[in-house]
Number of protein chains: 2
Amino acid sequence: MSGLVLAPRSAGAPSTDDLARWRAADEAARPARLARLRDRLERETVDAYLGVSRENTRYLTGFALAEGEEKVAGDSGRFLVSGDDVVVLADTRYLEQAGEECPGARVEESYYDLPDRWPRILAGLRGRGGGPVRRVAVEANLVSQALWTRLQAAAPQAELVAADGWVEELRAVKEPAELERVAAACAVADAALERLLPSIHPGVPERDLALQLEWEMRTSGAEALAFDVTCLSGPRAALPHGSPGERRVTVGEVLLFDFGAQVAGYRSDMTRTLFVGAPAARDLELYRLVALAQEAAFDALGRAAGAQTAPTGVEIDAAAREVIAAAGHGDHFGHGLGHGIGLATHEVPSLSRRAAPAPLPWPTVFSIEPGIYLPGQTGIRIEDLVTFDAGTGRVERLTAFPREVTVVGT
Amino acid sequence: MSGLVLAPRSAGAPSTDDLARWRAADEAARPARLARLRDRLERETVDAYLGVSRENTRYLTGFALAEGEEKVAGDSGRFLVSGDDVVVLADTRYLEQAGEECPGARVEESYYDLPDRWPRILAGLRGRGGGPVRRVAVEANLVSQALWTRLQAAAPQAELVAADGWVEELRAVKEPAELERVAAACAVADAALERLLPSIHPGVPERDLALQLEWEMRTSGAEALAFDVTCLSGPRAALPHGSPGERRVTVGEVLLFDFGAQVAGYRSDMTRTLFVGAPAARDLELYRLVALAQEAAFDALGRAAGAQTAPTGVEIDAAAREVIAAAGHGDHFGHGLGHGIGLATHEVPSLSRRAAPAPLPWPTVFSIEPGIYLPGQTGIRIEDLVTFDAGTGRVERLTAFPREVTVVGT
């Protein structure tokens, strides 16, 4: 390759104005986000919250780490929220960034020495009722046992309390500027797959198509991938988990792409199952069934939204699952129907048989991705992202790439 | 872009034969790796070891996860080692892979439900002296507090013991087939930077060059990056941490690349500071000083290797640091001199002022990367990987891209 070929400005690629507008929207929204977390602290009678998740940090403080950065960032990006304060930790490498990205927070220096600094940091916070900090909620699913033990030993008077999903629950309800960014990421992915189509020919390895689709996204608006691109052909499309390999695109088989882009921190997720050459009758039949199952989920959502109530994730999953089960393929649809998406690829709410029995939150955005997998033979999945708002009655598909039977490689 | 352009087979790109040979070497080496861990279990009087690190899993069992996969793999890839057994956990998505990659292990199914299965898994292991499992070492720096608590509650009779660095210490000593893969990753990176040079022109943004360098590696032998490519120009090269941005390559400034490839699981890491157009006298002076400091570290290693003894990481760091400090720039070299590398980009041993006072392990491979950073002005770093073997007296540089002053963009 003799030089970098950037695609012309693609649908979804953010402009400088978009980035500035989204940043301003986040800053304006942050006090309300913090207020909701503080309500929870009050209800749980804890004085402060220690967060370490990359996504929660960005949501509540503005401090943005890349996904791969978490492992090398030391204490940078960890944060504390009390009734009065937001404290962001950053070592010398990140001080400038934290100062710039977190106008509403106090930045405290910490490298890998948080336990040493812990008593002094807690002493700088006012607890509930103006007293000292006696109970601190900690993201126990993410904080290591070693760090937890060291923190508890460093300040025995401040009891650590396991918190699970407190901020994740807040993030499930999306603000307009968050939905805009998910939609932008969808548009980048839509356009990338469209540009990939002419490169799909019999004989091309899955791996090469996955790499090219990644490249199409990253040179036309995606700051990163939402996750590694899946490209699986023929019987490999039946693998519920599978990495693109050396297998080559073959006439008469399906070709499944599952992929997503990241734009200004927010992610997309879409699956399309294409047909290489004339579709096999069996594959066409399964495809129509999966499409019907997806429509059934959309219909169920639409009815609920019109009624100004929210169904549960179990109900929407069941609407799609019944279609597949009625055709005798219940055992070939092993995974859940969908998942929330935003700063993380998989987040609350879940739409599945094991989902929470509570009504779906709104406004929110999630995937609807029924599939049928015949081991060793073929696999079909259709996945779209949809916004759902029981308040306004709106149900809107964000992923626009056609769902009609698409034949490639001819 | 109308199609994927794969570079012709590049230096370092592994052949199918290479991959098969390395895999066979790992399988042959695994019993000795496990024996060394079991010696440690005996010394620490624990019955079993629960590991969760992606790198430790691959090293001891053969089960290979991509870096981004850890977050979505559930319990898959977690493992237990006792005196007699190796158990690899995998959910249904990963059962086939585990069976294929872990011929020496027993595969147990687990999704996100390890605590439920924990008593039965422990009951299936023989403890020391043939008795039940009473003490289990756990990677406490990586296992979450929530999981630790649930495991301890699920089987109260089996005490969990915090283990820190037991397997990492073993991984510091490299087998020949491991060093081969690090060398192959270095060759891929060398060739990629060489191919990038014609694209470096004044006016090109850092971000575009970083993306192109990534592309060069990933289309010519790298299965992944070792870490996100750093490309920083002019005063930004002084940032000890910095992501490539919109700043454009400018005549009279430096251009710093820090990057690495991954080949068959093993990684490389190299920094080159190039000059765009005629070098500024200040930058040239700093460059010569950094090169001298690096040479001083190599000399110190060479003397030690010839004497069949190993110096400490503190001593090698000091050899380079003294050269920089003597020229009045001691305060402008804030980070350590180097770090081990292998399955992870940063691993044991460390070469720094705070390194362990013990002699370096051998045979091993680590970086030597002195730098001088003038905030707001310029930054210079030269980083190479070197193998060190006090037994044979060999000290060998693996990164081959020239270290001479390299002028680009003219």
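In chain A, residue A264(A) sits in the loop between β10 (261-263) and β11 (266-267); helices (H or I, at least four residues) and strands (E, at least two) are DSSP runs, numbered from the N terminus. Phi of A264(A) is near 50 degrees, a positive value in a residue other than glycine.

Before I continue, a word on conventions. This is a predicted model, in which local features need pLDDT of at least 70 and side-chain atom pairs count only at pLDDT 80 or more, while totals for chains, interfaces and linings use all residues. Residues are numbered from 1 along each chain as its sequence is written, chains are lettered from A and ligands numbered from 1 in the order in which they are written, and side-chain values use heavy atoms, with hydrogens and water left out.

Two peptide bonds in chain B deserve mention. V348(B) and P349(B) are joined by a cis peptide bond with omega of about 5 degrees, and P349(B) lies in strand β14 (residues 347-351) of chain B. A cis peptide bond also joins W362(B) and P363(B), here with omega of about -10 degrees. P363(B) belongs to the loop between β14 and β15 (364-368) of chain B.

I turn now to the domains of chain A. The assignment gives domain 1 (45-162) and domain 2 (173-408), the bounds coming from an automatic or database domain assignment. Their contact takes 5 residues from domain 1 of chain A and 8 residues from domain 2 of chain A, where contact means heavy atoms within 4.5 Å. The C-alpha centres of the two domains lie 36 Å apart.

How much area is buried between domain 1 of chain A and domain 2 of chain A? The value is about 510 Å², of which carbon and sulfur atoms give 44%; buried area is the accessible area (1.4 Å probe) that two parts lose on being put together, summed over both. On the side of domain 1 of chain A, E55(A), R58(A) and Y59(A) lose the most area to domain 2 of chain A, together 77% of what that side buries.

Between these domains the count is 1 salt bridge, defined as a side-chain nitrogen of Lys or Arg within 4 Å of a carboxyl oxygen of Asp or Glu. A salt bridge links E67(A) with R267(A), the closest N and O atoms being 2.5 Å apart.

Finally, the two chains. Chain B can be laid on chain A with an RMSD of 0.0 Å by a turn of 180 degrees and a shift of 0.0 Å along the axis. The two copies are thus related as by a two-fold rotation axis. The superposition is by least squares on the C-alpha atoms of residues with pLDDT of at least 70 in both.

In the interface, 35 residues of chain B are in contact with 34 residues of chain A. Of the interface residues of chain B, 97% are also interface residues in chain A, so the copies meet through the same surface. The area buried between chain B and chain A is about 3,100 Å², with carbon and sulfur atoms giving 56%.

Which side chains meet in a salt bridge here? The count between chain B and chain A is 2 salt bridges, and E214(A) and R218(B) meet in a salt bridge at 2.5 Å, N to O. Helices α2 (54-61), α3 (95-101), α5 (145-154) and α8 (206-218) of chain B each supply at least two residues of the side that touches chain A. The largest share of that side, 7 residues, comes from α8(B).
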